[in-house]
Amino acid sequence: MAYTQQPTATPGMNVGGGNRNSKNLPVEGDGREWSESLFGCFEDITTCLIATCFPCITYSNVKHRYEHLNNKGYPDPEHGGSFCNGDCMVHGCLTFCGCGWAMQMGTRGNIRGRYNIKGGAVGDCCIALCCTPCELTQESRELALEEESFNGKQG
């Protein structure tokens with residue numbers, strides 16, 4: 001039998017230099033738990049307050065950090081960059097209309113995929129709709145764990 005594709009990373013592997021499971025949580029067949037609980041948001045009160053008052057800023061920051069890690073393999077040196085960008089503006093407008101959660105659930109799904117975290121679209125939707133600040137803070141903290149695992153080693 002001839003193989004036409006390279007093997008992919010298995011759960012728990014360090015790909016790109018960072019540790020995607022820095023707390024070494026057990027990985028089961030359907031993934032692992034989040035590194036921080038949903039209501040652990042109060043342990044990062046600054047992010048939680050910004051996510052409560054201006055969820056578009058936190059959303060934009062989380063999305064930019066995720067995309068940088070995913071595309072470049074190392075943390076964003078600007079740690080999310082400027083909040084005044086297209087993602088922030090679109091999220092702000094959708095939040096004003098009561099639909100900002102729709103953008104958040106997509107990013108949450110991407111983050112779950114990157115870190116092999118248990119869950120699905122229905123759960124992502126419910127959490128983004130009902131608990132926006134906690135959800136955004138949890139995602140930010142998950143990204144921070146991988147970013148911290150680089151210990152200054154950036155590409």
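The structure is a predicted model. The protein has 155 residues, and 38% of them count as buried. It holds 6 helices and 0 strands, and a total of 13 salt bridges.

**Overall fold and surface**

- Read along the sequence, the elements of the protein follow the pattern α-α-α-α-α-α.
- Contacts between residues at least 6 apart in sequence can be sorted by separation, and 71% of them join residues at least 24 apart.
- The accessible surface of the protein is about 8,600 Å². Carbon and sulfur atoms account for 59% of that surface.
- Phe 39, Phe 42, Ile 45 and Leu 49 together make a nonpolar surface patch of about 450 Å². Of these residues, Leu 49 is found in helix α1, which spans residues 45-53.

- The buried residues of α1 are Thr 47, Cys 48 and Ala 51. These residues lie on the same side of α1, because they cover an arc of only 100° around the axis.

**Ala 144 in helix α6**

- Helix α6 covers residues 132-149 and includes Ala 144.
- Ala 144 counts as buried because its relative accessibility is 18%, and the cut-off for a buried residue is under 20%.
- Ala 144 and His 79 are separated by 65 residues in sequence, while their C-alpha atoms are 9.5 Å apart in space.

- Arg 32 belongs to the segment before α1. Its relative accessibility is 1%, so Arg 32 counts as buried.
- The side chain of Arg 32 makes a polar contact of 3.2 Å with the side chain of Ser 35.
- Beyond its neighbours within four places in sequence, Arg 32 touches several residues, including Arg 20, Asn 21, Tyr 115, Lys 118 and Glu 142.
- Asn 21 also lies in the segment before α1. With a relative accessibility of 8%, Asn 21 counts as buried.
- At a distance of 2.8 Å, the side chain of Asn 21 reaches the backbone nitrogen of Leu 25.
- Leaving aside neighbours within four places in sequence, Asn 21 is in contact with Val 27 and Arg 32.

**Salt bridges to Lys 118**

- Side chains of opposite charge can pair when their charged atoms come close.
- Glu 28 forms a salt bridge with Lys 118, and their closest N and O atoms are 2.7 Å apart. Glu 28 is in the segment before α1 and Lys 118 is in the loop between α4 (101-115) and α5 (121-130), so this pair ties together parts that are 90 residues apart in sequence.
- Glu 28 counts as partly exposed, because its relative accessibility is 45%.
- Glu 33 also meets Lys 118 in a salt bridge, with an N to O distance of 3.3 Å. This pair links distant parts of the chain, since Glu 33 is in the segment before α1, Lys 118 is in the loop between α4 and α5, and the two are 85 residues apart.
- The relative accessible area of Glu 33 is 48%, so Glu 33 is partly exposed.

**The salt bridge between Glu 36 and Arg 141**

- Glu 36 and Arg 141 form a salt bridge in which the closest N and O atoms are 3.3 Å apart. Because Glu 36 lies in the segment before α1 and Arg 141 in helix α6, the pair ties together parts that are 105 residues apart in sequence.
- Glu 36 is buried, with a relative accessible area of 12%. Arg 141 is buried as well, with a relative accessible area of 15%.
- Glu 36 and Arg 141 belong to one network with Lys 23 and Glu 43, joined by salt bridges that share partners.

Terms used
Residues numbered from 1 in each chain as written. Predicted model: local features only at pLDDT ≥ 70, side-chain atom pairs only at ≥ 80, totals over all residues. Heavy atoms only, no water. Patch = residues over 30% accessible without salt bridge, like charges linked within 9 Å, V, L, I, M, F, W, Y side chains within 5 Å. Areas by Shrake-Rupley, 256 points an atom, 1.4 Å probe, with all protein chains shown as cover. Salt bridge = Lys/Arg side-chain N within 4 Å of Asp/Glu carboxyl O. Helix = DSSP H or I, 4+ residues; strand = E, 2+ residues; numbered from the N terminus. Buried < 20%, exposed > 50% of the residue type's maximum accessible area, 1.4 Å probe, protein only. Polar contact = N/O pair within 3.5 Å; in protein donor to acceptor, adjacent residues only side chain to side chain. Contact = heavy atoms within 4.5 Å. Arc of directions from axis to C-beta.
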